[in-house]
Each structure stands twice: as C-alpha cells, then as structure tokens.
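Subject: The structure I promised you

Hi,

Here is the structure we talked about, with some notes to read alongside it. Have it open on your screen while you go through them.

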Amino acid sequence: MENIKTVSFGCDHGGYPFKEDVIAHLKGLGFEVIDCGTFSKESCNYPEQAFKAATTVSEGKAQAGVLICSSGEGVCICANKVKGVICGLAYNDDVSHLMVAHNHANMIAFGGAYMTLEEILHRIDIFFNSSHDEGRHQRRVDLIKAYEETHSK
C-alpha cells in the first residue's frame, strides 16, 4: 500500500497482549500510530475501540488501521460499518495480501486467540507490502463504494 504515513490501532482485552509489540512493529516500519485503545487488560466493549480506529481512517487522520480482538470477527464487523472503511480478517497469508489486492482494504483485523504474535506481525508486513490490483477488481470495489454511497445514512 502506498502513501501510508499514519496507522490507527485498536484492540479489546483479547488483543491487548499483542498491543505493545504490534505498535512497536508498526513504528519500526516507519508509521506514526494513533492508539485507539484499549489501555488495560480489563474486559471492555470491542466496538468502542474498533469504531474509534475505523473512524480515524474514515476521517483521513490515518490511512490504514490494525485491529485485534479474540476472534477478529467483532472488530472486523464494526470497522466495516464505518463509511469508507474496508476491513478484512487476516486468517492466513494469502488473504492478508488479497484483501488489499482485490478488495482494496484499508484495515486489517486479527483474532488474537487463534494467532501467534509472529503470525500477526508477518501478516501486517504482507498487508502493508501489498498493492491494489486494478481492472476487474477496481470495478468490484467501485460497486461496493457505490452501494455504500446510496445506502448509508
């Protein structure tokens, strides 16, 4: 992905054990990171952090985002409710690339209960080193964006 300077990060208590390592990795890649929480291992409501991180991307304060909860599903669903966000669940290496190449994702989600830190960091690298495929994939992304424009409130 090109022109990424700032990345939003959000997690709940299920992703909290990975938080500091992931943020350090993102900074090591040269990104500024906006930390949208959580800020402790205490149980919390994942939609709050996911919506905050996704809104940061939607508003252009960050160009991409990383989310982690226990399964990855909850934060991914929340992010995709925010206009302008396309988030994918990175359950393997190929999908971590294809969500950018084919779907033009600007956020990536992880299930901390089902992945190691090494897998998460490796898939973050894949995500940020992928680029958008144009042609037929662009047409499909345009259909998604057109639907969002006509059906969002």
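Which residue just after helix 2 takes a positive phi? That one is Gly60, with a phi of about 85 degrees. Keep in mind that this is a predicted model.

Now step back into helix 2 itself, which covers residues 46-58.

Next, look at which of its residues are hidden. Gln49, Ala50, Ala53, Ala54, Thr56 and Val57 are buried in helix 2. Viewed down the helix axis, the buried residues fall within an arc of 150 degrees, so they line one face. A handy bit of background: an α-helix has 3.6 residues a turn, so residues three or four places apart point the same way. As for what covers the buried residues of helix 2, the list includes strand 1, strand 2, strand 3, helix 3 and strand 5.

Then there are the aromatic rings. The whole structure has 2 aromatic pairs. One of them joins Phe31 and Phe128, a tilted pair with 4.7 Å from centre to centre and 45 degrees between the planes. This pair links distant parts of the chain: Phe31 sits in the loop between helix 1 and strand 2, Phe128 sits in helix 5, and they are 97 residues apart. Phe127 and Phe128 also pair up, with ring centres 5.0 Å apart and planes at 85 degrees, so that pair is edge-to-face. Together, Phe31, Phe127 and Phe128 form one aromatic cluster. Phe31 and Phe128 are both buried, and Phe127 is buried too.

Cheers

Technical notes:
Residues numbered from 1 in each chain as written. Predicted model: local features only at pLDDT ≥ 70, side-chain atom pairs only at ≥ 80, totals over all residues. Heavy atoms only, no water. Phe/Tyr/Trp six-rings, centres within 6.5 Å; stacked < 30°, edge-to-face > 60°. Helix = DSSP H or I, 4+ residues; strand = E, 2+ residues; numbered from the N terminus. Buried < 20%, exposed > 50% of the residue type's maximum accessible area, 1.4 Å probe, protein only. Expected span 1.5 Å × (residues − 1). Arc of directions from axis to C-beta. Contact = heavy atoms within 4.5 Å.
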